[in-house]
Amino acid sequence: MWGYFFSKGLKLSWRVFPEFGSSARGWFTNIPHQENIWKPVMWCLATTIISSIRCIFCCIKAIWQVTKEEEELTAEERRKLERKLKKERKKKEKQLMREAGISTKKVEPKKQSGSELALAYLTRWSENPEEWKFQKTRQTWLLLHMYDKEKVPDKYFTILLDYLQGLQGGARDITVQKAEAFMKEFDGSDAEDPNLLEKCERIRQVLQLLS
């Protein structure tokens with residue numbers, strides 16, 4: 001590149017100083033007699049430097065324009081571009097997984113039922129009281145279904161009786177009222193039904209504990 005600029009400056013020097021290029025051989029043989037020897041040389045160097053600077057300036061200008069165009073993207077355009085790139089990346093990842101024989105379907109963890117959560121809450125209260133935290137939703141479920149043997153098995157009902165000893169306030173009063181109402185309802189029903197007898201026994205234990 002520098003050779004190109006130097007040759008260009010040299011040609012321009014020949015035009016400005018004809019005596020510099022008219023007879024190169026004679027001129028160089030008579031160098032000691034040339035009074036203006038440095039004029040064409042300095043002109044050549046100056047032209048070379050100016051041309052180089054002009055070229056560098058053009059390169060810098062082009063880079064600046066490209067950078068400016070990138071910066072002029074709005075926030076919305078950037079978000080759209082990012083979403084597009086993210087979708088393409090996910091699509092490519094799924095394609096690679098399919099080619100490798102790996103399933104791309106998400107396996108969602110099984111959600112625990114209300115019964116499982118309530119019984120786990122009761123177990124935590126019994127076995128890990130330091131990690132246990134009161135949850136009204138779990139307590140309400142236990143009080144609502146505690147007479148059902150299928151939902152609250154015997155081993156959990158025994159723990160629940162200990163839990164009910166700490167029941168206070170309105171929850172305690174309502175539990176007693178419901179238990180008494182159930183007892184009145186079951187008094188006139190068939191006393192030979194095994195399920196009914198089990199419920200009555202649980203109700204008696206609750207009334208004895210809370211009354």
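Let me start with Trp-141 and its contacts, a contact being heavy atoms within 4.5 Å. Leaving aside neighbours within four places in sequence, Trp-141 touches Gly-114, Ser-115, Ala-118, Lys-151 and Val-152. This is a predicted model, in which local features need pLDDT of at least 70 and side-chain atom pairs count only at pLDDT 80 or more, while totals for chains, interfaces and linings use all residues. Residues are numbered from 1 along each chain as its sequence is written, and side-chain values use heavy atoms, with hydrogens and water left out.

Trp-141 sits in helix α7. Helices here are DSSP runs of H or I, at least four residues long, strands are runs of E, at least two, and both are numbered from the N terminus. Trp-141 counts as buried because its relative accessibility is 17%; buried means under 20% relative accessible area, exposed over 50%, and partly exposed in between, with a 1.4 Å probe and protein chains only. From Trp-141 to Ser-115 the sequence separation is 26 residues, and the C-alpha atoms are 7.8 Å apart.

Next, the helix pair. The axes of α6 (residues 114-127) and α7 are 9 Å apart, at an angle of about 105°. Axes are lines fitted to C-alpha atoms, for helices over the stretch in contact, and angles run from 0 to 180 degrees between N-to-C directions. The two helices are therefore roughly perpendicular, a label for 65 to 115 degrees; under 35 is roughly parallel, over 145 roughly antiparallel, and the rest oblique. On the α6 side the contact includes Leu-117, Tyr-121 and Leu-122, and on the α7 side it includes Arg-138 and Leu-142.

Now α9. Its buried residues are Thr-175, Val-176, Ala-179, Met-183 and Phe-186. Gln-177, Lys-184 and Glu-185 are exposed, on the face turned away from the buried side.

For the whole chain, there are ten helices and zero strands. Of the 211 residues, 21% are buried.

Last, confidence. pLDDT is the predictor's confidence in each residue, from 0 to 100. The chain mean is 76, with 66% of residues at 70 or more. Over residues 19-35 the pLDDT is below 50, and this stretch has nine contacts in the model beyond near neighbours in sequence. Where pLDDT is low, the predicted coordinates should not be read in detail.
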